[in-house]
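Hi,

Here's the structure I promised to pass on.

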Amino acid sequence: MFVNQNADDYDRTTDEYIVAYIDLLGMTNRIKTEEKQLVMNKLYNLYTFSMKLTKDVQIKENQDIQFKIFSDNIIITKKLSTNIEQRKRDIRSLLMCTGHFQELTASDSVGWLLRGGISIGQLFIDEVMVWGEALLKAYYLEDKVANYPRSVMDQNVVAEAINDKQLAEYLRKDFDNLYFLNFLNDCHFCGEMLMNGFQMIRREAGNSIDEKTYQKFSWHMNFVNAELDRKNEKKDKRYRLSMMPI
């Protein structure tokens, strides 16, 4: 049996997008626990609240950001303009949205960590499918490169952001010379909620964690503490993430 086709079936093309691919860490184990219904509801609320928040923010560029969600993975996309100034605003919109998602996930609203990749490239997306090199690169960065609870940016994103004062604030260069998303760039006086979120993350892991998990926790702790110190918001000075040596 052949599917009937018409001229419109051949009109699908890719465009240039900025894409974030996100994986929520530890979800496989959560699905297997007795509290899996609670986990599913928390996950659903995280997704729906994040999408609503993005649309509610009164920034024109946020209105056509698209989300694709499957289980513990989320894809966030934004089509890029060819106009230089609009393109900068498009990139900022995607980075802001992805940062808000990571901030919310790590806070005491949820208490989870995530890992991701962010890329610029060709993409096709509609209500049926997502297709393109930008998605493949973002997934590769998340799956093979990020390692820690960070969203690593590809060279295309870095090249467009690093020389723009506003966009550069979303970039942080890590010990391995990779650039990742500063998800706290738009977050102010958030030390308490991040400290409480980290305590939730540690409690969920239990008293005995392996070296790989400890490594992830330590990376997150060190980044958050360093970023809070850099912001120099005196009200938050008493809130710091901490953990005992393994």
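Predicted model: local features only at pLDDT ≥ 70, side-chain atom pairs only at ≥ 80, totals over all residues.

Let's start with strand 3 (73-79). Six of its seven residues are buried, so strand 3 is largely enclosed by the rest of the structure. With strand 1 (15-24) it runs antiparallel, joined by seven bridges; Tyr21, for instance, has Ile75 of strand 3 as its bridge partner. Strand 2 (residues 66-70) is also antiparallel to strand 3, with five bridges between them, and here Phe67 sits opposite Ile76. Strands 2 and 3 form a hairpin with two residues between the strands, where Ser71 has a positive phi near 55°.

**The cores**

Ile76 turns up again in the largest nonpolar core, which has 34 residues. Ile76 is among those with the most contacts inside that core, along with Ile18, Leu24, Leu95, Phe101, Ile118 and Met153. Strand 1, helix 2, strand 3, helix 3 (84-106), strand 4 (114-125) and helix 5 (155-161) each put in at least two residues, and helix 3 gives the largest share, seven residues. There is also a second, separate core of 24 residues, including Phe180, Leu194, Ile209 and Leu228.

You'll find it in strand 6 (residues 151-153). Is Met153 buried or exposed? Its relative accessibility is 5%, and the cut-off for buried is under 20%, so Met153 counts as buried. Leaving out residues up to four places away in sequence, Met153 touches Leu95, Ile118, Leu141, Val158, Tyr170, Leu171, Tyr179, Phe180 and Leu181. One of these, Phe180, belongs to the second core. The C-alpha atom of Met153 is also 7.7 Å from that of Leu178, which is 25 residues away along the chain.

Leu95 has its own set of contacts: beyond its neighbours within four places in sequence, Leu95 meets Ile18, Ile118, Met153, Tyr170 and Leu181.

**The pocket**

The largest pocket has a volume of about 790 Å³. What lines it? There are 30 lining residues, and Leu25, Gly26, Asn29, Arg30 and Glu204 lie nearest the centre. Strand 1, helix 1 (27-31), helix 2 (36-56), helix 7 (191-205) and helix 8 (211-231) each give two or more residues to the lining. By type, the lining splits into 13 nonpolar, seven polar and ten charged residues.

Cheers

Methods: Residues numbered from 1 in each chain as written. Heavy atoms only, no water. 1 Å grid on protein atoms, 1.4 Å probe; cavity = no way out; pocket = protein on both sides within 12 Å on 5 of 7 lines; lining within 4 Å. Points joined across faces, edges and corners; volume = space filled by probe spheres on them. Helix = DSSP H or I, 4+ residues; strand = E, 2+ residues; numbered from the N terminus. Nonpolar A, V, L, I, M, F, W, Y, C, P; charged D, E, K, R; others polar. Buried < 20%, exposed > 50% of the residue type's maximum accessible area, 1.4 Å probe, protein only. Contact = heavy atoms within 4.5 Å. Core = buried A, V, L, I, M, F, W, Y, C linked by side-chain atoms within 4.5 Å. Pairing = 2+ DSSP bridges.
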